[in-house]
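Thanks for coming. I have one model to go through today, so please look at it while I talk.

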Amino acid sequence: MKKLGILPKVYLTAVFVILYAPIFYLIYYSFNSGDGMSNFESFTLDHYQAVFQDTRLLIIVLNTVIIALLSALLSTTIGVMGALTIYFMKNKSARQAVLSLNNILIVSPDVIIGASFLILFTLIGVKLGFASVLISHIAFSIPIVVIMVLPKLLEMSTTLIDAARDLGASRKDILTRVILPYIKPGIFAGFFLALTYSLDDFAVTFFVTGNGFSTLSVEIYSMARTGITLTINALSGLIFLLTIILVLGYYIIGNKAKSPQGVKK
């Protein structure tokens, strides 16, 4: 019995080491005063300073953050409306069909989605750049939001809605005072997942970005093709730190949403 208790811990430890060791190795050498990752010479912050002194790179960071925030906000809004539409569908077959189409978009390879968007934008004459990247990120984030919000709707008891109707609540009141507060954890989860997916997406963005506009993932790929520099390490370390902050923010907000609150009169 003791062996069965130890094996899962060993397995989890091994998995985390395999996943995180390369990341910490990369960050470790971002503080190297040398030019490579074969020998650590001395501690320095020059590579981080180089990141903040690169105006073009800072503009790309700003582009990435703006795209991520806008796509997360818009996809969350559309995704919540989509989840509500699926939830209130009376025809079970139609509901299952729509849900299946939504899930197909989640499991579809990013290369296929990116190539499809490229063909679509070329056919309708949309110039590749900010607009094409934003539309693409919104499109692949909506199914993620739907799949995060819908389970919260399904676990909500219909008696809550019936009770609100019996008390004379309008449809707007039911939506804003009953449904949305109940599914708020799912909404936040969908928003942060959409934000994270947008920040680190490469495959789709690579297809739909144009000349004069780029995001961090595409820029790091371009920098890596010309040769590994420790500036990439520093930039990757900053992105990893940003990801940790986002995850912590998600858990803090999630815990606050789950904590019991007093009944407002």
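Predicted model: local features only at pLDDT ≥ 70, side-chain atom pairs only at ≥ 80, totals over all residues.

Residues are numbered from 1 along each chain as its sequence is written, and side-chain values use heavy atoms, with hydrogens and water left out.

First, the overall picture. The secondary structure comes to 12 helices and 0 strands. Helices here are DSSP runs of H or I with at least four residues, strands are runs of E with at least two, and both are numbered from the N terminus. Along the principal axes, the C-alpha atoms fill a box of roughly 75 × 65 × 40 Å. Of the 265 residues in the protein, 34% are buried. Buried means under 20% relative accessible area, exposed means over 50%, and partly exposed is in between, with a 1.4 Å probe and protein chains only.

Now the packing. Two packed helices are described by the angle between their axes and the distance between the axes. The axes are lines fitted to C-alpha atoms, for helices over the stretch in contact, and the angles run from 0 to 180 degrees between N-to-C directions.

How do α3 and α6 pack? Helix α3, residues 55-87, meets helix α6, residues 130-155, at an angle of about 40 degrees, and their axes are 6 Å apart. That makes α3 oblique to α6. On the scale used, angles under 35 degrees are roughly parallel, over 145 roughly antiparallel, 65 to 115 roughly perpendicular, and the rest oblique. The crossing of α3 past α6 is right-handed. A crossing is right-handed if the near helix is turned clockwise from the far one by less than a right angle, and left-handed if anticlockwise. By class, the contact of α3 with α6 has 21 nonpolar, 6 polar and no charged residues. Nonpolar covers Ala, Val, Leu, Ile, Met, Phe, Trp, Tyr, Cys and Pro; charged covers Asp, Glu, Lys and Arg; the others, Gly among them, are polar.

Helix α4 also packs on α6, at an angle of about 125 degrees with the axes 8 Å apart. That makes α4 oblique to α6. Here the crossing is left-handed.

Next, the faces of two helices. Helix α5, residues 110-124, has 15 residues and reaches 21 Å from its first C-alpha to its last, close to the 21 Å expected at 1.5 Å a residue. The expected span is 1.5 Å times one less than the number of residues. Which residues of α5 are buried? They are I113, G114, F117 and F121. These cover an arc of only 95 degrees around the axis, which puts them on the same side of α5. The arc is that of the directions from the helix axis to the C-beta atoms. I112, I119, T122 and L123 are exposed on the other side of α5.

In helix α2, residues 46-53, the buried residues are H47, Y48 and V51. They fall within an arc of 100 degrees seen down the axis, so they line one face of α2. F52 and Q53 are exposed on the other side.

Finally, two single residues. V98 is found in helix α4, residues 92-107, and is partly exposed at a relative accessible area of 33%. I174 lies in helix α8, residues 171-182, and is buried, with a relative accessible area of 7%. The C-alpha atoms of I174 and G212, 38 residues apart along the chain, are separated by 47 Å.
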